[in-house]
Amino acid sequence: MPREPSKYIYLSSREDRAVSKFYKPYSDDRLICTLCQHYCKIKKNQTGICGVNKNIGDKIECLVYGYPSALAIDPIEKKPLYHFLPSSKAFSLGTVGCNFRCSFCQNWQISQSVNIDKSRYFSPEDIVRLAIENSSASIAYTYNEPTIFYLYARDIALQAKEHSIKSIFVTNGYESKEVVDDMVGIIDGANIDLKSFNPSYYKKNLGGNLQKVLDTIKQFVKNGIWVEITTLIVPSQNDSEEELRDIANFIAKELGVHIPWHISAFHPDYKEQNLPRTSIEMLQRAYDIGKEAGLHYIYMGNIGVENPTNCPKCHKTVIQREYFGVTKNSLIDGKCPSCGYKIEGVFQ
Ligand code: SF4
């Protein structure tokens, strides 16, 4: 059910706002954080796996509330979201901390840090004002895992709604059920990583659980939040034909053939300095596998190809792109100008 943003009551101080609404009691000295699928049982004066949600006695505080570590204005295509307000600007922010431990993380300097710069507090109102000043159609919670600062994102998103600015999550898909249900009417779109289809890889290399990610992605779609999926293809780690076929089939059968799949090229980073870059041939193989599974929209990222959107019915190009820019958008009210097919997504 869509929420009424105007009914949300804003508390005044940062301290009040940073107190989590997502926790429950566990024992005398532990609280369960219900922000993500880890459901950490946090002892008094300790933080959970993410390092930024802390049991401060009888409640949990989000330590990064109001303290972004990165702010930028990005094209929405850079998130990447290709079927969500094409060629618009997304005011983007992230904090320190993460609930995953990916060895190839491309933002590890902030995601794997818990050093919070408290020199300047950015209230939700400050963020929305900056987004308006920079003509942003959306605010993106990105760079690190936004679920761990959902309290902050939620307050910003509700303020942003008052100004018709949408909100998008760029996420690893490890939100709790409680959070994904709360997002209805607050978060409009998400790019969700599906990093592998191997349960032991998720557990050992990422610090997560494959089945929980799959269930969370399905819950996003069921809740009516626009979803695009990204798979970073890491040579020798998740690039077997079988695994790519499993991912493509999951998207096609469990989510729908209309859900865009972004297959993205890896470059050596963080702890994975010895693996080669993903080749264009490998991405092409993944593309072909996605097409065999019946996916309508497949895009190659980090490799400099044009990535047009073609109408799945008449095959005419409806959006042309170059790098992160849209060079031509022919859609009329979100429909193919040649055959009238309604391209799935959020188009104005
Ligand atoms: S956000 Fe996730 S990782 Fe962080 S404390 Fe809560 S349950 Fe644990």
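Leaving aside its neighbours within four places in sequence, Phe149 is in contact with Cys62, Val64, Tyr65 and Thr95, where contact means that two C-beta atoms, placed from the backbone, lie within 7 Å. The model is predicted, so local features need pLDDT of at least 70 and side-chain atom pairs count only at pLDDT 80 or more, while totals for chains, interfaces and linings use all residues. Residues are numbered from 1 along each chain as its sequence is written.

Phe149 also belongs to the largest nonpolar core, which has 93 residues; Cys62, Ile139, Phe149, Val227 and Ile233 touch the most other members. Such a core is a set of buried Ala, Val, Leu, Ile, Met, Phe, Trp, Tyr and Cys residues joined through C-beta atoms within 7 Å. A residue is buried if 20 or more other C-beta atoms lie within 10 Å of its own, exposed if 12 or fewer, and partly exposed in between, with C-beta atoms placed from the backbone. Helix α4 (residues 150–161) gives this core its largest share, eight residues; helices (H or I, at least four residues) and strands (E, at least two) are DSSP runs, numbered from the N terminus. Because domain 1 (5–62) and domain 2 (70–260) both contribute residues, the core lies between them. A second, separate core of five residues includes Val318, Ile319, Cys336 and Ile343.

The domain bounds come from an automatic or database domain assignment. The C-alpha centres of domain 1 and domain 2 are 21 Å apart, and 20 residues of domain 1 are in contact with 24 residues of domain 2. On the side of domain 1 that touches domain 2, there are 11 nonpolar, six polar and three charged residues. Here Ala, Val, Leu, Ile, Met, Phe, Trp, Tyr, Cys and Pro count as nonpolar, Asp, Glu, Lys and Arg as charged, and the others, Gly among them, as polar.

Val234 sits in the loop between β11 (226–233) and α8 (241–255). It counts as buried because it has 24 C-beta neighbours inside 10 Å. Apart from neighbours within four places in sequence, Val234 is in contact with Phe104, Asp239, Phe266 and Leu275.

Turning to the strands, an open sheet of three has the order β14-β15-β16, with antiparallel pairing. Its edge strands, β14 (309–310) and β16 (325–329), each pair on one side only; two strands pair if DSSP finds at least two bridges between them. Two bridges join β14 to the antiparallel strand β15 (residues 317–322), and Asn310 stands opposite Thr317 in β15.
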